[in-house]
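Q: Please take me through this model one feature at a time. I would like the general idea before each case.

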2 protein chains.
Amino acid sequence: MQYPSNIKKDYAKKNISYANRGMDLEDIINQSNEYYREINRAIIYKKPTPITISEVKYGNKERIITKAYFRTPSTLDYNGIYKGKYIDFDAKETLNHSAFPLANIHEHQLDHMRKIVLHGGISFLIIYMNQEYYYLDANDIIFFIDNYTRKSIPFTYIEDKGKIIPKKIKPRLDYLNILDELYFKEDDR
Amino acid sequence: MQYPSNIKKDYAKKNISYANRGMDLEDIINQSNEYYREINRAIIYKKPTPITISEVKYGNKERIITKAYFRTPSTLDYNGIYKGKYIDFDAKETLNHSAFPLANIHEHQLDHMRKIVLHGGISFLIIYMNQEYYYLDANDIIFFIDNYTRKSIPFTYIEDKGKIIPKKIKPRLDYLNILDELYFKEDDR
């Protein structure tokens, strides 16, 4: 049986997550967002997985979807509000040590980032790579794409332009601290 | 066979939509948002339906979900950015002529609206009722809930505090004009 490349990637992903870190990147971010909501610091959620429902049956107590297909997302996975600002980001991981392959981001996701920035929102990627979680701002991603023809972002660029996100117990990944540093420096925290 | 009340409501919904208006409220809002994105006025999307996937099979070319359940949403259906502001809203309809039953909004959706407003975002409902689409701001909904013990918002309150949304060809429902009026009056459009 032949699987399309995105399925192979999914398998690879699960393998990194469970083998090396014990916890899925998505879970880590969901837990962090849950904590941010608990302490009322930010209201950020993961969007549900986009699917096309094709068959629904009626069970005893509820409707059950019996056939549905995964759709390619045209936006990023997480969005919400922080300090009055619109926040829109995604989380990606790679086993590659020297560069982050741009194939990890769909073309319309890049367009979406561009639009969010133009409309005054904050957009970024959280990239898990070389055992660290990097914050890479949409502006730096867009600059790279517009100025280089490469198919992947070198790790040196991520190290240079990005920021290492502090790992904690609560929240697991304190990415809002990076936003404070980059976007809300005037604020008294 | 017994269906829970939310399924009955779904049936009622489809009946209003297809019988009386030819187009689903959700479709009307999706088309309006698509148009707003096309002309680059706002970046607003409907969130995918929240589901819990319990079985996935591998077909010839793609993964097929063979069992999944609908989840109760804890946020509102639509969110995005307009003029730099975080926007978060939902669309509801009722056949009731004299009042909008608050049972149409889940408790955690009300909490969510409250939080969005506190964090500096704009939240509202689009209510289709008595052949018109009404914009009702989260602040007016919260005020009503905090000050009255009624289980439904009287139509007179919606007429008084809400705004009728203009129906057009493009966008079908020009709800951002109401935001301009309420939140961006200083702007030169």
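**Reading the model**

A: Start with a helix pair: α3(B) passes α4(B) in a left-handed crossing, where left-handed means that the near helix is turned anticlockwise from the far one by less than a right angle, and right-handed that it is turned clockwise. Helices (H or I, at least four residues) and strands (E, at least two) are DSSP runs, numbered from the N terminus. The model is predicted: local features need pLDDT of at least 70, side-chain atom pairs count only at pLDDT 80 or more, and totals for chains, interfaces and linings use all residues. Residues are numbered from 1 along each chain as its sequence is written, while chains are lettered from A and ligands numbered from 1 in the order in which they are written.

Q: At what angle do the axes of α3(B) and α4(B) cross?

A: Two packed helices are described by the angle between their axes and the distance between the axes. Axes are lines fitted to C-alpha atoms, for helices over the stretch in contact, and angles run from 0 to 180 degrees between N-to-C directions. The axes of α3(B) (residues 107–118) and α4(B) (residues 138–147) cross at roughly 125 degrees and come within 10 Å. That makes α3(B) oblique to α4(B); under 35 degrees counts as roughly parallel, over 145 as roughly antiparallel, 65 to 115 as roughly perpendicular and the rest as oblique.

Q: Which residues of α3(B) and α4(B) meet?

A: Two residues are in contact if their C-beta atoms, placed from the backbone, lie within 7 Å. From α3(B) come L110(B), M113(B), R114(B), I116(B) and V117(B), which meet A138(B), N139(B), I141(B), I142(B) and I145(B) of α4(B).

Q: How many residues of chain B are in contact with chain A?

A: 32 residues of chain B are in contact with 32 residues of chain A. On the side of chain B, the elements that give two or more residues are β1 (42–46), β2 (51–58), β3 (63–70), β4 (78–82) and α3. The largest share, eight residues, comes from β3(B).

Q: In what order do the strands of the open sheet lie?

A: Two strands pair if DSSP finds at least two bridges between them. Here the order of the four strands is β2(A)-β3(A)-β3(B)-β2(B), with antiparallel pairing. β2(A) and β2(B) stand at the edges, each with a single partner strand, so one side of each is left without a neighbour in the sheet.

Q: Which strands does β5(A) pair with?

A: β5(A) runs antiparallel to β4(A), joined by five bridges, and parallel to β7(A), joined by seven. Y82(A) is the bridge partner of K85(A), and D90(A) stands opposite L125(A) in β7(A). Eight of the nine residues of β5(A) are buried (20 or more other C-beta atoms within 10 Å of the residue's own; exposed is 12 or fewer, partly exposed in between; C-beta atoms are placed from the backbone).
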